[in-house]
Amino acid sequence: MADKGTIATAYVQILPSAEGMQGNLEQQMNPAASAAGESAGKAAGSSMSSSIGKSTSDLGKTMEDVGGKMTKGITVPLTGLATASIAAFNQVDAGADTIIQKTGASGKALDDMQSSMKNLATTIPVSFEDAGAAVGEVNTRFGVTGQQLEDLSGSFLKFAQLNNQDVSQAVDQTQTAMAAFNVSTDKAGAVLDLFNSVGQATGIPMSELESALTSNATAFQGLGLDIDDSANLLGKLSKSGVDTSVVLTGLSKVQMNAAKDGKSMSEELQTALSDEQSAIDIFGSKAGPKLYESFKNGTLSMDDFVGHTGGLEDSLGSVADTFDATQDPLDKWKEIMNQLSIAGSDLATAVMPVLTSVMQDAAGVVSDLADKWNSLSPGTQDLIVKLGLIAVAAGPVISAGGKIIGGVTTLTSGIGGLIGKFSGASSASSSLSSSATTLGSSSTTAAGGVGTLTQNALGFIALGGGIALAGVGI
């Protein structure tokens with residue numbers, strides 16, 4: 001019995017001590033556990049923020065650097081090349097269009113004339129439009145093709161430039177004058193040399209010379225004068241200040257009197273200009289005295305009115321020699337720039353069909369981007385808008401994206417601290433988990449949006465263009 005009593009007593013004494021120890025343990029361990037949890041949370045948060053922050057910062061800097069290099073090395077040069085090529089294409093195309101407008105040519109005939117136009121624009125300092133006008137007008141007026149067309153067109157371009165004439169006008173008036181005197185096409189170059197030489201010797205404007213030849217061709221030929229004689233006479237009359245129409249009327253009278261008296265034209269003219277009064281009787285009170293004075297001082301001679309032994313061959317080379325003497329380094333530079341324009345035009349011709357096709361597809365991509373943006377939640381849209389400025393084209397987009405990602409470093413540091421704050425309580429941990437999940441989902445959505453924009457911008461810069469995407473900075 002005594003042993004049972006002792007056991008019972010011992011049991012009663014030990015139990016309260018154990019219960020007390022449990023209370024003391026709880027009392028001692030809870031603060032330590034709380035502190036350890038908070039410390040662990042802070043360490044985990046700091047480690048997470050440091051790791052994520054460094055990674056995102058490095059990624060941001062890399063993307064920013066790549067974007068900057070793409071902008072300088074790809075975006076800007078490609079944009080400049082595209083602009084220059086299109087400008088060059090427009091210049092060359094203006095000349096080609098002029099040929100079509102003037103001739104209506106197509107197929108191989110058009111290709112040959114366009115080839116001549118390019119050859120002329122790269123060997124003579126003229127615009128493609130002027131070269132095209134010369135080729136088109138010469139082909140229409142003279143009916144020549146091939147090398148003959150190119151050579152004659154070149155002569156007209158030089159002649160028009162020397163005499164400050166529109167090349168189309170020069171072709172038209174020259175051909176009309178030649179037709180009036182029945183001069184064949186193969187003499188066209190020699191006629192230009194004649195006109196240029198007469199202009200240099202007398203100062204008569206080319207338009208005036210060409211028009212006077214056409215309107216008075218019948219009268220000149222009636223006097224036995226060919227186009228060479230007539231051009232020289234007109235130049236000298238212009239230089240002496242005599243009205244050409246009055247002189248021609250007087251010459252008709254001289255011719256009639258010569259026929260009636262049975263004399264030669266030279267003899268009758270000599271009689272008409274033997275004194276001032278006789279000159280007045282034949283040529284009138286205004287032209288008579290001037291003609292008499294011109295014959296007296298040697299400005300005019302009998303040969304000028306009755307023809308001379310010379311011909312078109314006397315002036316050969318006048319246009320080419322004069323033109324070559326006027327050329328300088330700047331003129332050569334114009335020819336070189338035209339060569340570059342042809343290269344740029346060829347590039348644009350090769351690329352533009354591809355660009356047109358792809359840009360049509362790009363319109364669909366832009367529409368798709370708009371749909372994707374509209375499908376984002378307002379919160380995600382607001383986040384993307386506030387992340388930074390998305391600039392034009394791939395380079396600027398990636399560069400801006402790098403800056404945006406660099407800013408995420410600060411955000412992740414805050415998240416680390418937040419994790420530490422909530423690590424002590426299970427309810428807070430649950431909330432943290434939910435918040436982290438939501439943040440991860442939003443970050444993924446935002447990253448996907450930025451990635452989509454960047455990917456499409458890269459596609460556009462490969463086409464030489466760019467999509468303008470903008471946002472408002474925080």
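What share of the contacts with a separation of 6 or more in the protein chain comes from residues 24 or more positions apart? The figure is 71%, with a contact meaning heavy atoms within 4.5 Å.

## The model

This is a predicted model, where local features need pLDDT of at least 70, side-chain atom pairs count only at pLDDT 80 or more, and totals for chains, interfaces and linings use all residues. Residues are numbered from 1 along each chain as its sequence is written, and side-chain values use heavy atoms, with hydrogens and water left out.

## The whole chain

The protein chain has 18 helices and zero strands; these are DSSP runs numbered from the N terminus, helices being H or I with at least four residues and strands E with at least two. Of its 474 residues, 36% are buried, as in under 20% relative accessible area, while exposed is over 50% and partly exposed is in between (1.4 Å probe, protein chains only).

The accessible surface is about 24,900 Å², and carbon and sulfur atoms own 58% of that. Areas come from the Shrake-Rupley method with a 1.4 Å probe; for residues, only the protein chains shown count as cover.

## A look at α10

Helix α10 runs over residues 244-261, 18 residues in all, and spans 26 Å from first C-alpha to last, close to the expected 26 Å (1.5 Å times one less than its number of residues). Its buried residues are Thr244, Val247, Leu248, Gly250, Leu251, Val254 and Ala258. Down the helix axis they fall within an arc of 160 degrees, so they line one face of α10; the arc is taken over directions from the axis to the C-beta atoms.

Cover for those buried residues includes α8 (217-222), α9 (227-240), α11 (265-272), α12 (276-297) and α13 (302-306). On the face turned away from the buried side sit the exposed Met256, Ala259 and Lys260. Just after α10, glycine 262 has a positive phi of about 70 degrees.
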